[in-house]
Amino acid sequence: RKDITKISKKVDLVNQFTTIKGLALNPFSTITNLLFGELANILEAASGRFYNDKDYLRATGLIMTAINPSNTGNRAKVAALMAKFQVLGDVNGANYGAKSTFDKLYIGQKLGEYKIQGSQMIAVLLNEKNNIKDLKGNLKTLWDAFIIDKNGNLVWDEANFGQSNLQDVEGKSSEDFIKLSDKLQQLVKYTHGNYNLNSATLVKKTSLGRLLMVFRNWIPYTYH
């Protein structure tokens, strides 16, 4: 058992340095990842299944303002929504969720995934299929209905939209919110690959499997 653990740690170490060389220290990989991610999002918009071109164009504008450090309001809202919906996975998949001293090296990849997955999430929230009415009868988007309160928490805007099935119930996510969250997570997986540690593929639960899946997270969902 101890021998297997030692071998597993060595394989993970090889895996870690492979990803550092191929991702963290490779600017061309960062650029390529962003370009292909953008292309995947645009193709999904063209299909019109979950969002359209107009939604994605507006979502891109919103995510770019969120990346701007001076726009604290939008930045906090996007970050809170991504955390709440759990759409941004682990870029450093070699470590299988564990903290690593090398995590900061992946800043380029993380920014790229933040932009790609964040804009896709916002586009879904903007789509007319998910539109709702405020208390005045005006048609609004789900993006409008979630706000950051004075304490810095993400909440449903009950003052303008009334109560909703998407609101937290006794501090826990409601059933309808979980369904929407699952929808967003599945969309990200099928578009960009599975980086969600809470639903990792069986092959990534072993060190050898993680080594085999380096740079290949998209494969299981491409051929599903």
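Colleague: How much space lies in the second largest pocket?

Modeller: Keep in mind that this is a predicted model. The lining of this pocket includes Arg75, Met82 and Tyr114. The space in the second largest pocket comes to about 280 Å³.

Colleague: Which elements give two or more residues to the lining of that second largest pocket?

Modeller: Ala66, Ile67, Arg75, Ala79, Met82, Ala83, Leu88, Ile107, Lys110, Leu111 and Tyr114 line the second largest pocket. The elements giving two or more residues to that lining are H3, H4 and H5.

Colleague: Take H4 next. What span does H4 reach from its first C-alpha to its last?

Modeller: H4 runs over residues 72-85, which is 14 residues. At 1.5 Å a residue, the expected span is 20 Å. The model is close to that, at 20 Å.

Colleague: Why do the buried residues of H4 lie on the same side?

Modeller: The buried residues of H4 are Asn74, Lys77, Val78, Leu81, Met82 and Phe85. They share one side of H4 because the arc they cover around the axis is only 125 degrees. On the other side, Thr72 and Ala83 are exposed.

Colleague: Which elements do the buried residues of H4 pack against?

Modeller: Two strands are among the partners, E3 (146-148) and E4 (154-156). The helices they pack against are H3 (53-67), H5 (107-126), H6 (142-145) and H8 (175-192).

Colleague: Which residue with positive phi follows H4, and which follows H8?

Modeller: H8 has 18 residues and spans 26 Å, close to the 26 Å expected. Its buried residues include Phe177, Leu184 and His192. After H8, phi is near 105 degrees; after H4, phi is near 60 degrees. The residue following H4 is Gln86, and the one following H8 is Gly193.

Colleague: Now the whole fold. How many helices and strands does the protein have?

Modeller: Along the sequence the pattern reads α-α-α-α-α-β-β-α-β-β-α-α-α-α. The secondary structure comes to 10 helices and 4 strands.

Colleague: What share of the contacts with a separation of 6 or more comes from residues 24 or more positions apart?

Modeller: Of the 224 residues, 42% are buried. The protein exposes about 13,100 Å², and carbon and sulfur atoms supply 59% of that. Among contacts with a separation of 6 or more, the share from residues 24 or more positions apart is 65%.

Note on methods
Residues numbered from 1 in each chain as written. Predicted model: local features only at pLDDT ≥ 70, side-chain atom pairs only at ≥ 80, totals over all residues. Heavy atoms only, no water. Expected span 1.5 Å × (residues − 1). Buried < 20%, exposed > 50% of the residue type's maximum accessible area, 1.4 Å probe, protein only. Arc of directions from axis to C-beta. Contact = heavy atoms within 4.5 Å. Areas by Shrake-Rupley, 256 points an atom, 1.4 Å probe, with all protein chains shown as cover. 1 Å grid on protein atoms, 1.4 Å probe; cavity = no way out; pocket = protein on both sides within 12 Å on 5 of 7 lines; lining within 4 Å. Points joined across faces, edges and corners; volume = space filled by probe spheres on them.
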